[in-house]
Amino acid sequence: MATGISQHLVHRRLRRSAESLRLLREELRVVEEQLGVLDDESRDAEIRAMVAETPAAAMDHHEARRHADAMRRHRDHLAATIAELEARQDQLLDALGR
């Protein structure tokens, strides 16, 4: 049985945690799909920049790469947040087992 924290409180926190994880995992799934598209666009822009050899094409590639990198950082942040929340959830489950 949970010590220090009532079982009711632990159960409530677990429910909240489970819902947060569900939402974060769904957001991560969407972000990973978007990242795939942005990476494809960046590669296409890179090829166009190499072929065209113009400042405008180079700028397009740079902008496409920036968008993909920003989405990658967001994906990494979501993944880290999910890992932290899973660790907290494990602690709550451990508290129930006591």
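Mentor: Let us start with Asp39, which has a relative accessible area of 14% and is therefore classed as buried, the cut-off for that word being under 20%. Please keep in mind throughout that this is a predicted model.

Trainee: What makes the pair of Arg72 and Asp39 a salt bridge?

Mentor: The closest N and O atoms of Arg72 and Asp39 are 2.6 Å apart, and the rule asks for a side-chain nitrogen of Lys or Arg within 4 Å of a carboxyl oxygen of Asp or Glu, so the pair qualifies.

Trainee: Why is Arg72 called partly exposed?

Mentor: Its relative accessible area is 24%, and a residue is partly exposed when it falls between the buried limit of 20% and the exposed limit of 50%, so Arg72 belongs in that middle class. Asp69, at 28%, is likewise partly exposed.

Trainee: How do you know that Asp69 and Arg72 are separated by about one helical turn?

Mentor: They are three residues apart in helix 2, which means a separation of about one turn. Asp69 also forms a salt bridge with Arg72, the closest N and O atoms being 3.1 Å apart, and a network of salt bridges links Asp39, Arg65, Asp69 and Arg72.

Trainee: Is Ser42 to be called buried or exposed?

Mentor: Ser42 has a relative accessibility of 1%, so it counts as buried. Ser42 lies in helix 1, and, leaving aside its neighbours within four places in sequence, this residue is in contact with His61, Ala64 and Arg65.

Trainee: What makes the phi of Glu53 worth a remark?

Mentor: Most residues other than glycine have a negative phi, whereas Glu53, which is not a glycine, has a positive phi of about 50 degrees. Glu53 is placed in the loop between helix 1 (7-52) and helix 2 (55-97), and its relative accessible area of 70% makes it exposed, the limit for that word being over 50%.

How values were computed: Residues numbered from 1 in each chain as written. Predicted model: local features only at pLDDT ≥ 70, side-chain atom pairs only at ≥ 80, totals over all residues. Heavy atoms only, no water. Helix = DSSP H or I, 4+ residues; strand = E, 2+ residues; numbered from the N terminus. Buried < 20%, exposed > 50% of the residue type's maximum accessible area, 1.4 Å probe, protein only. Contact = heavy atoms within 4.5 Å.
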